[in-house]
Amino acid sequence: MNWNKTIVLAASLFAASFQVQAQDNLINALKANQNDNSKSGFTFTEVINLGNTSIKNQGSSGTCWSYSGNSFLESEMIRMGKKPVEISQIYTARNTYLDKARTYVRLHGGLSLGEGGQFHDVLNSFRKYGTMPQSAYTGLHYGTTRNNFGEMTNMLDAMLGAVVKGKTLTPNWEKAYTAAMDSYLGEVPEKFDYNGKSYTPRTFADQVIGINPDDYVGIASVSDHPYYSQFVLLIPDNWSFDRFYNVKMNDLTDIIDNALQKGYTVAWATDVSEKGFSWKNGVAYVPEKPFEEMTDQEKSTMFVGPKPELKVTAEERQKAFDNWQTTDDHGMHIVGLVKDQNGKEYYIVKNSWGTTNDYHGYLYASKEFVRYKTTSLMLHKDGLTKDLKSKINIK
């Protein structure tokens, strides 16, 4: 027996079992970061608020990247003067899971599994498979009303573990994998009706949504690669090894500011496991003092009104990324800008955890938090400045 392969397989299955609960565990952990009287301490004045669709709830699934990525495309429809469509988040996700499974098998199991993904997965699925409205494919089967991917993900990952464990790859594994997704999510229709017209996923993507996936760019910031060049961002959810444009830390907020001012929203991937992030209170900032050094009074009032922030350096940002303090936890959608009563600016962030927090599904993230904890951005290339386009050689 090859004990190394057995250990790797066991570890992979354990990781899959752990990951399926990660999203619920993350939300539950963030419930501790809250104050009942937080909202009364802030007065936010709207500066920019771009068109976006209604708040959704991804349920017990690690599909934030698909919910926020498709929310971003819905806002692109609004920007282009179109009536937005709620795009099927689960159609995008299941296509991505199949492509990820193929890569996993191709690499003999040497790839992170789980339900996570990146914003470019939404574009890649759009380009390869088209898309459809949520009304045509909900992913809710057997009378369910809320995503719950736990059992399905364990099943799918165990199947892949068995596939890579075999000495000979059978030609049937993809059929079995797809059939398992069908049993949990429902079969994908080849055609569907929308507003009285029949479409395929391809014709719906081209004729109704109408975006060009090649018009969008991924942005990240690390100091161990040359700035203003492309690189592969080495995080587990970048399973497709897509490339990002590397910019300096302060460029991140400059890019977002310019995009918002020009009418472009931004898809935002970030770490939300920090003590300065409170989902319930709808505020994210970088506390001036480490949580462990705060008094009980300071801890209890962390989100009651504006607080001073730590000024983060690029070196501190990189260190947090390198030591896993900054992790790629969550994808959301930046749709605007506000100022608090002291004039400090925060981004309006649309989330996919329902409407149960203080701001009914939105939150306000300080620019310092965004500079410190962003893992990546996605936006239309025309949301970039001419100077930045020139630096990274985009026309």
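Which residues in H4 meet which residues in H7?

Modeller: The model is a predicted one, and the description below should be read accordingly. On the H4 side, the residues that meet H7 are Ile90, Arg94, Tyr97, Leu98, Ala101, Arg102 and Val105. Their partners in H7 are Trp173, Glu174, Tyr177, Thr178, Met181, Asp182 and Leu185. By class, the residues of this contact comprise nine nonpolar, one polar and four charged. An α-helix has 3.6 residues a turn, so residues three or four places apart point the same way.

The geometry of the pair is as follows. Helix H4 spans residues 89–106 and helix H7 spans residues 173–185. They pack at an angle of about 155°, and their axes are 11 Å apart. Because angles over 145 degrees count as roughly antiparallel, H4 is roughly antiparallel to H7. The crossing of H4 with H7 is right-handed.

Helix H3 (residues 64–79) packs with helix H5 (residues 119–129) at an angle of about 65°, with the axes 8 Å apart. H3 and H5 are therefore roughly perpendicular to each other. This crossing, too, is right-handed. H3 contributes Trp65, Ser66, Ser68, Gly69, Asn70 and Leu73 to the contact, while H5 contributes Phe119, Asp121, Val122, Leu123 and Phe126. Six residues of the contact of H3 with H5 are nonpolar, four are polar and one is charged.

Arg102, which meets H7, lies 170 residues along the chain from Val272, and the C-alpha atoms of the two are separated by 30 Å. Val272 belongs to the loop between strand S7 (266–270) and strand S8 (277–278). Although placed in a loop, Val272 has a relative accessible area of 0% and is buried.

Helix H9, at residues 249–261, is mostly covered, with ten of its 13 residues buried. Among them are Met249, Leu252, Ile255, Ile256 and Leu260, together with Asp251, Asp257 and Asn258. Just after H9, Gly263 adopts a positive phi of about 95°.

Two residues other than glycine also have positive phi. Tyr142, in the loop between H5 and helix H6 (150–165), has a phi of about 55°. The relative accessible area of Tyr142 is 67%, and this residue is exposed. Phe241 has a phi near 60° and sits in the loop between strand S5 (230–232) and strand S6 (243–246). With a relative accessible area of 44%, Phe241 is partly exposed.

Along the principal axes, the C-alpha atoms fill a box of roughly 60 × 55 × 45 Å. Buried residues account for 54% of the 395 residues. Of the contacts between residues at least 6 apart in sequence, 77% join residues at least 24 apart.

Conventions. Residues are numbered from 1 along each chain as its sequence is written. This is a predicted model: local features need pLDDT of at least 70, side-chain atom pairs count only at pLDDT 80 or more; totals for chains, interfaces and linings use all residues. Side-chain values use heavy atoms; hydrogens and water are left out. Axes are lines fitted to C-alpha atoms, for helices over the stretch in contact, and angles run from 0 to 180 degrees between N-to-C directions. Helices (H or I, at least four residues) and strands (E, at least two) are DSSP runs, numbered from the N terminus. Angles under 35 degrees count as roughly parallel, over 145 as roughly antiparallel, 65 to 115 as roughly perpendicular and the rest as oblique. A crossing is left-handed if the near helix is turned anticlockwise from the far one by less than a right angle, and right-handed if clockwise. Contact means heavy atoms within 4.5 Å. Ala, Val, Leu, Ile, Met, Phe, Trp, Tyr, Cys and Pro count as nonpolar, Asp, Glu, Lys and Arg as charged, and the others, Gly among them, as polar. Buried means under 20% relative accessible area, exposed over 50%, partly exposed in between (1.4 Å probe, protein chains only).
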